[in-house]
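Here are my notes on the model you sent over. Have it open while you go through the points.

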Amino acid sequence: MKTLLGSSRYLILLAVLAAFASAVTLLIFGAYEAGLEIWHILNGEMPKSLAVTFIEIADLFLLGVVLYIIALGLYELFIDDTVPVPAWLEIHTLDDLKSKLISVVIVVMGVLFLKQVVAWDGERNLLTF
């Protein structure tokens with residue numbers, strides 16, 4: 001029973017692979033969207049709100065970073081904590097992972113609020129955001 005429970009930690013690889021694939025997808029899609037918008041701008045087409053467009057792209061990158069940190073953190077916690085990462089990204093406890101995620105999520109929330117402020121039409125109440 002002990003061996004079975006000890007080996008069950010490898011089930012977390014499913015979450016790690018899914019989070020990593022999601023992160024890669026968001027980062028690639030964000031780069032594609034950025035390239036596409038830059039291409040449109042160079043061809044003389046201006047989007048309705050340039051700032052909102054690039055804030056949305058930054059949001060894609062930040063969500064990709066969140067998913068990457070989740071994948072890396074779960075891998076470090078359950079599989080192998082000797083992954084070569086910068087010191088600020090080392091995760092040894094669940095609290096380490098939570099604190100890193102909270103800091104990135106706060107930035108994501110700030111970016112979402114900034115998007116609302118930039119796109120504000122003067123009629124909606126920004127206080128609800």
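**Notes on the model**

1. Residues 24 or more positions apart make up 59% of the chain's contacts with a separation of 6 or more (contact: heavy atoms within 4.5 Å).

2. Before going on, keep in mind that this is a predicted model, where local features need pLDDT of at least 70, side-chain atom pairs count only at pLDDT 80 or more, and totals for chains, interfaces and linings use all residues. Residues are numbered from 1 along each chain as its sequence is written, and side-chain values use heavy atoms, with hydrogens and water left out.

3. The chain has four helices and zero strands, in the order α-α-α-α from the N terminus (DSSP runs: helices H or I with at least four residues, strands E with at least two). Its radius of gyration is 19 Å, well over the 14 Å from the globule rule for 129 residues, so the chain is more spread out than a compact globule (taken over C-alpha atoms; the rule is 2.2 Å times the number of residues to the power 0.38). The C-alpha trace spans about 65 × 35 × 25 Å along its principal axes.

4. As for burial, 26% of the 129 residues count as buried (under 20% relative accessible area; exposed is over 50%, partly exposed in between, with a 1.4 Å probe and protein chains only).

5. There are two aromatic pairs (ring centres of Phe, Tyr or the six-membered ring of Trp within 6.5 Å; planes under 30 degrees apart are stacked, over 60 edge-to-face, the rest tilted). In one of them, the F20 and Y68 ring centres lie 6.3 Å apart with planes at 50°, so the pair is tilted. This pair links F20 in helix α2 (residues 12-42) to Y68 in helix α3 (residues 50-78), 48 residues apart. F20 is partly exposed at 43% relative accessibility, and Y68 is partly exposed at 33%.
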